[in-house]
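This report describes one protein model for a reader who is new to it. Please look at the sequence and the structure first, then read on.

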Amino acid sequence: MKRFLALLTAMTMTVCAFTACGDTDNDKDEKTSASENDNKENPAIGEWTAEQNGQQILFKIKSESQASAYMKQDLSEALYFDDEKNLNFSGMKFNDEDYDFDGKTFVLHGMSDNDLTMEKIDDSEDLFGKYKMTGGDAYEAIVRGYNNRAAEEDDISIDSLDLTFECQENETYLVVEIPFEKFELTDDTISIGGAIFGDNELKEAPYTVDGDTLTIINEEKDKEVKLTRVK
């Protein structure tokens, strides 16, 4: 279970580090402003991907005022339901006597009264499907580990995080998503802020769109991050 929790904590920290990433010195003279694009819709709107700390991060720009960052990780070795609907969790197997499921709320109580609580977020009442992680010992441990690591650098809260499981037979994917509390997209700049970013806020950062490449320039850190459009 420790390995499982460490993985989840590391993923949340990686997503929060998004706006601080970048490994290329900026060179604004060679850039073309997004305002020079003739499209009616801002070309930066869409889904983009970048790699940070060995993990793929997806950056979804929904509109000029809404965006989020998220990651998807295969957790099938640590957590999955098998063909008999047993839950295999961190090397242990639990049957339907070890958990409660009413078609909406799933509660594992194989090791304690509440090891893991998840709420179904799709339209089905089947055990397989999409869940949001909402409580239990595993969730509390993730929150503690996340906050302990975050406190080393910034005063960051986990409140804005969505921890979602996509569960199918013998496979599970975790999606960690952070909706940006403050987001503003203009023709020339991107601003990303909120409590989770602390000193790593981007304020009116210049950006360019060149085909399927979005480049955001962090002038304060003299860095830039390049993202590729998700097709």
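## Terms and basis

A residue is called buried under 20% relative accessible area, exposed over 50%, and partly exposed in between, with a 1.4 Å probe and protein chains only. The areas come from the Shrake-Rupley method with a 1.4 Å probe, and for residues only the protein chains shown count as cover. Helices (H or I, at least four residues) and strands (E, at least two) are DSSP runs, numbered from the N terminus.

The model is predicted: local features need pLDDT of at least 70, side-chain atom pairs count only at pLDDT 80 or more, and totals for chains, interfaces and linings use all residues. Residues are numbered from 1 along each chain as its sequence is written, and side-chain values use heavy atoms, with hydrogens and water left out.

## The nonpolar core

A nonpolar core is a set of buried Ala, Val, Leu, Ile, Met, Phe, Trp, Tyr and Cys residues joined through side-chain atoms within 4.5 Å. The largest one here has 23 residues, and F59, I61, F183, L214 and I216 have the most contacts inside it. At least two residues of this core come from each of β1, β2 (55–61), β3 (67–74), β13 (182–185), β14 (189–193), β15 (202–210), β16 (213–218) and β17 (223–229). The largest share, four residues, is supplied by β15.

## Salt bridges

Side chains of opposite charge can pair when their charged atoms come close. A salt bridge is counted when a side-chain nitrogen of Lys or Arg lies within 4 Å of a carboxyl oxygen of Asp or Glu. How many salt bridges does a search of the whole structure find? The search finds five. One of them joins K85 and D126, with the closest N and O atoms 3.8 Å apart. K85 lies in the loop between β4 and β5 (87–89) and D126 in the loop between β9 (116–120) and β10 (129–135), so this pair ties together parts that are 41 residues apart in sequence. K85 is partly exposed because its relative accessible area is 34%, and D126 is partly exposed because its relative accessible area is 34%.

Another salt bridge is formed by the side chains of K120 and D122, at 3.2 Å from N to O. K120 has a relative accessible area of 9% and is therefore buried, while D122, at 27%, is partly exposed. D212 and R229 also form a salt bridge, and their closest N and O atoms are 3.5 Å apart. This pair links distant parts of the chain, 17 residues apart: D212 is in the loop between β15 and β16, and R229 is in strand β17. D212 is partly exposed at 30%, and R229 is partly exposed at 24% relative accessibility.

## A negative surface patch

E41, E64, D187 and D188 form a negative surface patch. Patches are made of residues with over 30% relative accessible area and no salt bridge; like charges are joined within 9 Å, and nonpolar side chains (Val, Leu, Ile, Met, Phe, Trp, Tyr) within 5 Å. Lys and Arg count as positive and Asp and Glu as negative, whereas His and the chain ends are not counted. The place of a charge is taken as NZ of Lys, CZ of Arg, CG of Asp or CD of Glu.

E41 counts as exposed because its relative accessibility is 52%.

## Positive phi angles

Most residues other than glycine have a negative phi. N170 is not a glycine, yet its phi is positive, at about 65°. N170 is in the loop between β11 (162–168) and β12 (171–179), and at 39% relative accessibility it is partly exposed.

E204 is not a glycine either and has a positive phi of about 50°. E204 is located in strand β15 and is exposed, with a relative accessible area of 57%.

## Pairs apart in sequence

E77 belongs to the loop between β3 and β4 (79–81) and is exposed at 74% relative accessibility. From C-alpha to C-alpha, E77 and S90 are 7.8 Å apart in space, and they are 13 residues apart in sequence.

T215 is in strand β16 and is buried, with a relative accessible area of 3%. T215 and K226 are 11 residues apart along the chain, and their C-alpha atoms are separated by 4.5 Å.
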